[in-house]
Amino acid sequence: MSIVGTIFGIIIILFVIYVVLSCVRIVPQAQAYVIERLGAYNGTWSVGLHFKIPFIDRVARRVLLKEQVVDFAPQPVITKDNVTMRIDTVVYYQITDPKLYAYGVDNPIMAIENLTATTLRNIIGDLELDATLTSRETINTKMRATLDVATDPWGIKVNRVELKNIIPPAEIQNAMEKQMKAERERREAILRAEGEKKSSVLIAEGHKASMILEAEAEKESAILKAEARKEAMIREAEGQAEAILKVQQATADGLRAIKEAGADDAVIKLKSLEAFEKAADGKATKIIVPSEIQSLAGLVSSVKEVATEPLKIEE
């Protein structure tokens with residue numbers, strides 16, 4: 001009997017220890033426990049160590065306070081222009097009030113899914129197909145605002161809603177692909193035409209620049225040639241002037257030498273006539289002889305001999 005009593009005592013002690021340990025709860029980070037006492041809401045335990053009354057208090061619900069993501073299956077929706085498509089959404093939500101989350105609605109995830117589907121149908125019903133495909137950001141914003149207001153009594157805050165996929169019917173997809181192909185071909189043709197236009201413009205500008213440079217080169221060449229001819233003429237004229245000056249200087253020096261030698265006037269006139277002969281240089285056809293020299297008849301014959309052509313003598 002003592003052994004049975006001992007075993008019974010050990011069992012009681014172990015049961016008491018189990019009950020005491022079961023009354024101790026440690027709430028981890030980013031979680032909250034909803035506590036009920038005799039079936040009624042008693043409080044919400046946050047992070048830390050907590051104790052409950054055995055057989056009276058119980059943990060009704062463990063609530064995760066992290067931001068959560070739920071991916072809903074594609075929902076059939078109809079656009080304003082009667083095109084049926086399938087759209088699946090992704091909802092990012094976070095529980096802000098564990099009490100409202102526990103007692104606000106039964107199966108909150110299913111409630112959010114149904115609410116998302118109805119809201120999506122309402123928004124897409126006011127848009128046409130093209131607007132639906134190009135207005136994702138607008139649709140996301142409207143859905144987030146609507147869901148956030150609707151889920152607030154449930155202790156849930158909807159942070160973001162994204163349209164994951166928009167799946168139009170097969171015939172619409174084929175038409176869109178043909179349209180995209182035609183658009184790409186049109187852009188390609190435009191780009192090719194613009195490239196050819198720019199190429200033609202560049203070629204024309206290059207030809208124009210080449211012609212301008214060629215004209216400028218010809219102009220500079222003509223100027224250089226003219227300057228060269230001018231310089232040659234100047235040098236030739238200077239040479240002729242210098243030759244004439246030297247001839248005159250030599251004649252003057254000869255006359256001066258004759259005069260200093262005491263030659264009479266006849267000799268001087270004869271030398272002058274010789275100077276006329278040199279001036280004619282065999283090319284003159286007419287020489288005017290001063291009247292003082294006409295008396296020298298012998299000199300006339302000398303002049304006729306030196307002249308290559310008949311000379312005409314005038315007073």
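**Whole chain.** The model is predicted. Colour it by pLDDT to begin: the chain averages 81, and 81% of the residues score at least 70. Then select residues 296-315, where the pLDDT is below 50. Beyond near neighbours in sequence, that stretch has 26 contacts in the model.

Switch to a cartoon view. The protein chain has eight helices and eleven strands. Of its 315 residues, 23% are buried. Among contacts with a separation of 6 or more, 64% are between residues 24 or more positions apart. Show the surface next: the accessible area comes to about 21900 Å², and carbon and sulfur atoms hold 59% of that.

**Tyr41 and Tyr103.** Select these two residues and show their side chains. They form the one aromatic pair in the structure. The ring centres are 5.9 Å apart and the planes meet at 80°; an angle over 60 degrees counts as edge-to-face, so this pair is edge-to-face.

Which parts of the chain does the pair tie together? Tyr41 belongs to strand β3 (residues 40-45) and Tyr103 to helix α2 (residues 98-103), so the pair links parts that are 62 residues apart in sequence.

**Two arginines over rings.** The charged end of Arg62 sits over the Tyr33 ring, 5.1 Å from the ring centre. Next select Tyr92 with Arg160. Here the charged end of Arg160 sits over the ring of Tyr92, at 4.5 Å from its centre.

**Thr79.** Finish at the loop between β7 (75-78) and β8 (84-95), where Thr79 is found. Is Thr79 buried or exposed? Its relative accessible area is 3%, which is under the 20% limit, so Thr79 is buried.

Show the side chain of Asp81 as well: a polar contact of 2.4 Å joins it to the side chain of Thr79. Then display what else surrounds Thr79. Leaving out residues up to four places away in sequence, Thr79 touches Met85, Ile124, Gly125, Leu127, Glu128, Leu129 and Thr132.

Technical notes: Residues are numbered from 1 along each chain as its sequence is written. Side-chain values use heavy atoms; hydrogens and water are left out. Rings of Phe, Tyr and Trp (its six-membered ring) pair if their centres lie within 6.5 Å; planes under 30 degrees apart count as stacked, over 60 as edge-to-face and the rest as tilted. Helices (H or I, at least four residues) and strands (E, at least two) are DSSP runs, numbered from the N terminus. A charge sits over a ring if NZ of Lys or CZ of Arg is within 6 Å of the ring centre and within 35 degrees of the ring normal. Buried means under 20% relative accessible area, exposed over 50%, partly exposed in between (1.4 Å probe, protein chains only). Contact means heavy atoms within 4.5 Å. Accessible areas come from the Shrake-Rupley method with a 1.4 Å probe; for residues, only the protein chains shown count as cover. A polar contact is a pair of N or O atoms within 3.5 Å; within protein, one must be able to donate a hydrogen and the other to accept it, and residues adjacent in sequence count only if both atoms are side-chain atoms. pLDDT is the predictor's confidence in each residue, from 0 to 100.
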